[in-house]
Amino acid sequence: MASVKKGLVYLLLSVLVVTQIYPLFWLIMYSLKTNEQILGSSFFSLPTTPQWGNYTDAYKGGHYLKYLGNSVLVTSVTLICVIVLSSMVAYAISRFRWKLGPIVTLVFLLGMMIPMQATLLPLMVIFKNLHILNTRWSLILPYIAFSTPIAVFILSGFMRGIPAEIEESAFMDGASVYRIFRSIILPISVPPIMTVVILTFITIWNEYIMAATFISAEGLKTLPFGIYNFVSQYNANFGAIGAYLVLGALPVMLVYFFLSEKITKGMVAGAVKG
Amino acid sequence: MNVLKVPARTIAVFVLPCLLLYIGLVFVPIVVSVYDSLLDWDSINKAKFIGLDNFKTILFEDTNFWPSVRRTLMYAVFSMAEIPICLFIAALMNRYVRKANTLVSIYFVPVILSVVIIGQLWKTIYNPTEMGGMLNGILTSLGLESWTHSWLTEPKFAMYCLYFVSLWQYFGYHLLIQYTGVQNIPNEIYEAAKIDGAEGFKSDWYITYPMAVPIFKISIVLAFIGSLQAFDLVWVMTGGGPAHATDTISTHMYNMSFLSLKYGYGSALATILVFICLLFTVVINFVFKKVEAKYT
């Protein structure tokens, strides 16, 4: 009886593996087929001869490296700023005694409930007036702003738990607050900072709607927007679209392949603390 | 010394850069949005103050508003309905699979991909037969040719197809959260229950599920708030079409603001969206306070 139950559970879990992974596998097969094969043969057929040409088409026609580079640049600048800015605020919230502290905390908490889309139109007007619409700043700045609430929350939660004795003795030795922050607090806080990095990376790397709203210059588009572009331009070349989607998924899949445990842990930590 | 007493200037150095950026780019736009919602303002005419007229039009005349509210709430209901299933599966995994972490990280793969990729992938899956859609291919090979449809262009099916993609993408996310929660229940409790004669499904019912309420709540809140903001997936896959059949509050707002260029009207919809998000966050927290008080 117990083994029957166990068998059923394994069956269920295997079916779920198929439903979660098969579409992605199908996409890879799709990307290696000719148009005729995609349209003509049945869905589970494998490509007769892999059409690597689809990948060359996608790579050549789609500014892949350009978009990838833009994504890397925007994401890394955002990450650095989020870490620096939010850890400073988190430290002030968790360690300093000041009247406005609780209010500032509340303001950041509120931010987690605000739907980003509601800010698109006003932000566009603001950016236009500041003459930074359609520049990288029009992405980096809101990305930082929308990433800080959860970051501040995670980091301040951690910093509250750091024993005060460490800082006390450093203070006695004449270290300034800045020094304590830089040489003691930040190094101790590496684990929650990693959580913040993972959460922010996944969100920003995949962000599409702000990029599509604020950016129109070809040379500034990030990868998700670039993918969307490529698909609408090459709508008849199915194989190349498939290839571009695979190329688009590749960077984040590689990162996930090497860091899956860290990423899943980070995402849970982010969810639980958020 | 638990907290440092530092000069105001130091606090300012630590807090202001981030706070100003954050207020300027998150709070100010919301306030501006609320103000703009009181204007009759489009791309051609100068803005004119009209009080609450936009809201009146939205609530009583906009034939697309209430259906998109309904779809947004349905989105939330479907997303939340997935979570008990995830908890159930998490409990099963915890009992029957020794090293389930690998399994969970496989289920998690769709979560890390961009909605643009997920959306395009599923668009090709839903494609009509003559365009090589996988779903129709499966149905045909099962001899169910009469069931094939052009899924995303038939208003009857389009929205359900979108709900499904969302469920598919976030299944791994919620399963991961629930599994982590279930794993953290101390083993001693199960051992004590075993002595009292509760094993298997009985121990799930009396121990796992009640003890998972806090983590269950986290998933519910995430799914709910996420669905209220449902935008990217719909935008990438259908843009709200065919004939508004898949519009949600946010896509309706985006359409009005950026395609119809009715800025005032779009801002009023944005204001309503913010209000609904804040309202439901409060309601959900209230409900769970009651539930938690009952079970713990």
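**Exercise 1.** Which aromatic cluster do Tyr91(A) and Phe14(B) form, and with which residues?

*Solution.* The model is predicted, with local features requiring pLDDT of at least 70, side-chain atom pairs counting only at pLDDT 80 or more, and totals for chains, interfaces and linings using all residues. Residues are numbered from 1 along each chain as its sequence is written, chains are lettered from A and ligands numbered from 1 in the order written, and side-chain values use heavy atoms, without hydrogens and water.

The cluster consists of Tyr91(A), Phe96(A), Tyr178(A), Phe181(A) and Phe14(B).

**Exercise 2.** Classify the pair of Tyr91(A) and Phe181(A).

*Solution.* Rings of Phe, Tyr and Trp (its six-membered ring) pair if their centres lie within 6.5 Å; planes under 30 degrees apart are stacked, over 60 edge-to-face, and the rest tilted. Over all chains there are 39 aromatic pairs. For Tyr91(A) and Phe181(A), the centres are 5.3 Å apart and the planes stand at 35 degrees, so the pair is tilted.

Next, burial: under 20% relative accessible area is buried, over 50% exposed, and in between partly exposed (1.4 Å probe, protein chains only). Tyr91(A), at 0%, is buried, and Phe181(A), at 8%, is buried as well.

**Exercise 3.** Classify the pair of Tyr178(A) and Phe14(B).

*Solution.* The ring centres of Tyr178(A) and Phe14(B) are 5.7 Å apart and their planes at 10 degrees, so this pair is stacked. Tyr178(A) is partly exposed, with a relative accessible area of 33%, whereas Phe14(B) is buried at 2%.
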